[in-house]
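Have the model open in your viewer and a selection tool at hand. We will go from stop to stop, with something to select at each one.

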Amino acid sequence: MSVRHTVIDSPVGPLTLIGEGAALLGLYFDGHLRTPRLADHGPRTDDGFEAARAQLAEYFAGTRREFDLELAPRGSAFEKQVWALLTKIPYGETRTYGQLAAELGDPGAAQAVGNANGWNPISVIVPCHRVVGTSGGLTGYAGGLARKRFLLGLEEPPADEVGRLF
């Protein structure tokens with residue numbers, strides 16, 4: 001099956017989803033800072049994006065914490081390692097670039113991890129927004145810091161649940 005795309009509305013603006021067969025290749029924001037590496041997004045269609053559309057709607061409604069979609073991001077072996085780690089960061093939690101580098105076995109690779117994070121082709125679903133600077137502060141985000149702040153805020157537990165966590 002050939003590459004195709006659709007555009008859906010979301011609380012963070014229009015999202016472009018790119019797919020091939022049953023797999024999702026990309027999810028990009030309007031004004032995404034790092035343009036997709038795919039030369040061709042294929043024709044625009046709504047067909048084949050039903051599961052992604054439904055799961056994203058549930059995520060933005062606060063009823064979904066994990067995605068269950070076939071993903072096929074295109075990138076280097078190292079980038080794919082980093083993106084796989086991103087999917088393991090639990091909903092509502094953050095990690096630093098240094099922590100991810102250490103998980104990969106190379107504590108000195110924080111900058112390389114940051115670069116790979118920036119090239120993540122499947123934003124939101126592969127939660128690169130959950131990666132923060134060493135101090136815990138927000139750092140660059142291909143969708144812009146306002147979107148990153150929104151996504152992290154969406155994942156914060158309600159105030160009545162905070163007390164139950166401790």
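Start with the lining of the largest pocket: its residues divide into nine nonpolar, one polar and four charged. Here Ala, Val, Leu, Ile, Met, Phe, Trp, Tyr, Cys and Pro count as nonpolar, Asp, Glu, Lys and Arg as charged, and the others, Gly among them, as polar. This is a predicted model, where local features need pLDDT of at least 70, side-chain atom pairs count only at pLDDT 80 or more, and totals for chains, interfaces and linings use all residues. Residues are numbered from 1 along each chain as its sequence is written, and side-chain values use heavy atoms, with hydrogens and water left out.

To centre the view on this pocket, select Arg65, Glu66, Phe67, Thr87 and Ile125, which lie nearest its centre among the 14 lining residues. On a 1 Å grid over the protein atoms alone, a pocket is an open set of points where a 1.4 Å probe fits, with protein on both sides within 12 Å along at least five of seven lines; lining residues have an atom within 4 Å of a point.

Next, select proline 73, in the loop between H1 and helix H2 (77-86). Helices (H or I, at least four residues) and strands (E, at least two) are DSSP runs, numbered from the N terminus. Which residues does proline 73 touch, leaving out those up to four places away in sequence? Show Leu24, Leu25, Lys80, Trp83, Pro121 and Ile122; contact means heavy atoms within 4.5 Å. Between the C-alpha atoms of proline 73 and leucine 24 there are 7.4 Å, though 49 residues separate the two along the chain.

Now move to the open sheet, whose three strands are ordered E1-E2-E3 with antiparallel pairing; strands pair if DSSP finds at least two bridges between them. Strand E1 (3-8) and strand E3 (23-29) each have a single partner strand, so one side of each is left without a neighbour in the sheet. Select E2 (residues 15-20) to find six bridges joining it to E3, with leucine 17 opposite leucine 27 in E3.
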